[in-house]
Amino acid sequence: MSNARFRKAALALPGVIEGAHHGHADFRVGKRVFATLGYPDENWGMVKLTPDQQAVLVDAEPEMFRPVPGAWGRSGSTNVKLARIDQVALRSALGMAWRNVAPKSLLASLETR
């Protein structure tokens, strides 16, 4: 998985814009970050999951996912190993992270489609 594919998958979600956060590219819906690229280095991305979502992904695919070290990881921030992740797993993880922070009005509008 390349940075370009991660970026394309993140930007394909409704209402997403790219910004910067702590010197890394980030992806936001509304004003909330749900994913970043290049953290902790160019080989990794990060998705903002719940601790329960993180546990499921890390247990199922430990070669693709790991908790971010420290307090952020304990709260659900999850590193994505770009060299290991496939498109299906990435889209799933990004989708969960997006839903975790998307404004309720945007979620509701999608449910009525």
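Q: What makes strand 3 and strand 4 a pair?
A: The model is a predicted one. In it, three bridges join strand 3 to strand 4, and the two run antiparallel. A pair requires at least two bridges, so strand 3 and strand 4 qualify with three. Within this pairing, L37 stands opposite G45 of strand 4.

Q: What lies between strand 3 and strand 4 in their hairpin?
A: Six residues separate the two strands, and G38 in the turn has a positive phi of about 80 degrees. The loop between strand 3 and strand 4 also holds P40.

Q: How do you know that the peptide bond from Y39 to P40 is cis?
A: Its omega is near 10 degrees. As a rule, most peptide bonds are trans.

Q: Why is strand 4 called mostly covered?
A: Four of the five residues of strand 4 are buried. A residue counts as buried when its relative accessible area is under 20%.

Q: Which other strand is joined to strand 4, and by how many bridges?
A: Strand 6 is joined to strand 4 by five bridges, in an antiparallel arrangement. In this pairing V47 stands opposite T78 of strand 6. Beyond its neighbours within four places in sequence, V47 is in contact with residues including F34, A93, L94 and A97.

Q: What makes strand 1 and strand 2 a pair, and what is particular about H22?
A: Strand 1 and strand 2 pair in the antiparallel sense over six bridges, where at least two are required. V16 stands opposite V29 of strand 2. The hairpin of these strands has two residues between them, and H22 takes a positive phi near 50 degrees. In general, most residues other than glycine have a negative phi.

Q: Why is the aromatic pair of F6 and F27 called tilted?
A: The ring centres of F6 and F27 are 6.0 Å apart, and a pair requires centres within 6.5 Å. F6 lies in helix 1 and F27 in strand 2, so the pair ties together parts that are 21 residues apart in sequence. Both residues are buried, and a search of the whole structure finds one aromatic pair.

Q: How do you know that the buried residues of helix 1 line one face?
A: The buried residues of helix 1 are F6, A9 and A10. Seen down the helix axis, they fall within an arc of 100 degrees, so they line one face. On the other side of helix 1, A4, R5 and K8 are exposed.

Q: What makes the buried residues of helix 2 a single face?
A: Q53, Q54, L57 and V58 are buried in helix 2. Their arc, seen down the axis of helix 2, is 125 degrees, so they line one face of the helix. D52, V56 and D59 are exposed on the other side of helix 2.

Q: How do you know that R66 lies over the face of W44?
A: R66 is at 3.8 Å from the ring centre of W44, and the criterion asks for a distance within 6 Å together with a position within 35 degrees of the ring normal.

Q: Which residues touch the most other members of the largest nonpolar core?
A: Of its 29 residues, these are F6, F27, F34, V47, F65 and L94. Helix 4 gives the most to this core, with eight residues.

Technical notes: Residues are numbered from 1 along each chain as its sequence is written. This is a predicted model: local features need pLDDT of at least 70, side-chain atom pairs count only at pLDDT 80 or more; totals for chains, interfaces and linings use all residues. Side-chain values use heavy atoms; hydrogens and water are left out. A nonpolar core is a set of buried Ala, Val, Leu, Ile, Met, Phe, Trp, Tyr and Cys residues joined through side-chain atoms within 4.5 Å. Buried means under 20% relative accessible area, exposed over 50%, partly exposed in between (1.4 Å probe, protein chains only). Contact means heavy atoms within 4.5 Å. Rings of Phe, Tyr and Trp (its six-membered ring) pair if their centres lie within 6.5 Å; planes under 30 degrees apart count as stacked, over 60 as edge-to-face and the rest as tilted. The arc is that of the directions from the helix axis to the C-beta atoms.
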